[in-house]
Amino acid sequence: MTEPVRLAKRLAEMLACSRREAEQYIEGGFVTVDGVVVEEPQFRVQNESIVLSPDASLLALTPVTILLHKPAGYEASDAPGANPASAGKTAAQLLTAANHASDDRSGIRPLKKHFSSSELVTPLATAASGLVVFSGDWRVVRKLREDARVLEHEVVVEVSGEIKPGGLERLNRIDHGFTYRGALLPPAKVSWQSETRLRFALKGEVPGQIAYMCDSVGLKIEAMKRLRVGRMPLSQLQPGQWRYLMPYERF
């Protein structure tokens, strides 16, 4: 019996290719070990059957963007250090093949590389639910970060308490006077959806901002859900599930 070796080394010997090329085949999901796809070049093998897919390619993986319906209680912050209130639960942990939406029409085959190379670009408060975006595509990352202050978010909030006289009007005024984290907040469009539900359409939304605005007019947020980022809606994506951004979809 042979000593266990890295899968990348064994594949490189089999194909007479470089170790880096072998790693690319493995990370691309083109290699099976005893019939099971293995995506880790460091995976140890001995005498197992190793097969390279006839569709294998050394072309660089196309960067992807992932839309996730984050449930409340999962931390989704791009700031250093996780929120201790999240008890270690992060939105990134939901990016697994098991949580892939069954109605994803992108045709993209999920790879672990997609998850490890994607970064969170739309932070959302831990207590909130709704749409968050992860991307490994530099064009999408730049768009969502550089245009963050002008990109409109749609959020619905369940509130309790009694709004102060003129509170709704103040929330909608251009000269509302709301300053959060040392910066004057841009105008928002706020309307009642029901007796306990408010809809916010605002640009440059940051975690904690809506709670601050509601508190300023006498309301307490009981639940919050982000429905849209730019032109991209949450749509029918279920809590905890994710899908790939389609080629024609734009923020």
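Predicted model: local features only at pLDDT ≥ 70, side-chain atom pairs only at ≥ 80, totals over all residues.
Biologist: What makes C214 count as buried?

Modeller: The relative accessibility of C214 is 0%. Buried means under 20% relative accessible area, so C214 counts as buried.

Biologist: Why is C17 called buried?

Modeller: C17 has 18% relative accessibility. The cut-off is under 20%, so C17 also counts as buried.

Biologist: How many disulfides does a search of the whole structure find?

Modeller: The search finds 0 disulfides. To be counted, a pair of cysteine sulfur atoms must lie within 2.5 Å.

Biologist: Which residues of helix α6 are buried?

Modeller: Helix α6 spans residues 209–216, and Q209, I210, M213, C214 and S216 are buried there.

Biologist: How do you know that these buried residues line one face of α6?

Modeller: Seen down the axis of α6, they fall within an arc of 160°, so they line one face of the helix. The elements covering them include β9 (152–160), α5 (167–172), β12 (188–194) and β13 (197–203). After α6 comes G218, which has a positive phi near 90°.

Biologist: Which residues of helix α4 are buried?

Modeller: In α4, residues 138–146, the buried residues are V140, V141 and L144. They cover an arc of only 100° around the axis, which puts them on the same side of α4. An α-helix has 3.6 residues a turn, so residues three or four places apart point the same way.

Biologist: What does the face of α4 turned away from its buried side carry?

Modeller: That face carries W138, R139 and E146, which are exposed. Exposed means over 50% relative accessible area.

Biologist: What covers the buried residues of α4?

Modeller: The cover includes β6 (65–70), β7 (119–120), β8 (129–135) and β14 (220–229).

Biologist: Why is β8 described as largely enclosed by the rest of the structure?

Modeller: In β8, 7 of the 7 residues are buried, so the strand is largely enclosed by the rest of the structure.

Biologist: What makes β6 and β8 a pair of strands?

Modeller: Two strands pair if there are at least two bridges between them. Between β6 and β8 there are 6 bridges, and these strands run antiparallel. Within this pair, H69 stands opposite L131 in β8.

Biologist: How many bridges join β7 to β8, and how many join β8 to β14?

Modeller: There are 2 bridges between β7 and β8, which run antiparallel, with L120 opposite F134 in β8. A further pairing, between β8 and β14, has 2 bridges and is parallel. The bridge partner of G130 in β14 is R226. As at least two bridges are required, β7 pairs with β8 and β8 pairs with β14.

Biologist: What makes β3 and β5 edges of their sheet?

Modeller: In this open sheet, 3 strands stand in the order β3-β2-β5, with antiparallel pairing. Both β3 (36–37) and β5 (50–52) have a single partner strand, so one side of each is left without a neighbour in the sheet. Joining β2 to β5 are 3 bridges.

Biologist: Where is T32 found, and which residues does T32 touch?

Modeller: T32 belongs to strand β2, residues 31–33, and stands opposite V51 in β5. Leaving aside residues up to four places away in sequence, T32 touches V37, S49, I50 and V51. Contact means heavy atoms within 4.5 Å. From T32 to S53 there are 21 residues in sequence, and the C-alpha to C-alpha distance is 7.9 Å.

Biologist: Which helix lies across β2 and β5?

Modeller: Helix α1, residues 7–15, lies across them and runs at about 65° to β5.

Note on methods
Residues numbered from 1 in each chain as written. Heavy atoms only, no water. Helix = DSSP H or I, 4+ residues; strand = E, 2+ residues; numbered from the N terminus. Buried < 20%, exposed > 50% of the residue type's maximum accessible area, 1.4 Å probe, protein only. Arc of directions from axis to C-beta. Axes fitted to C-alpha atoms, helices over the stretch in contact; angles between N-to-C directions.
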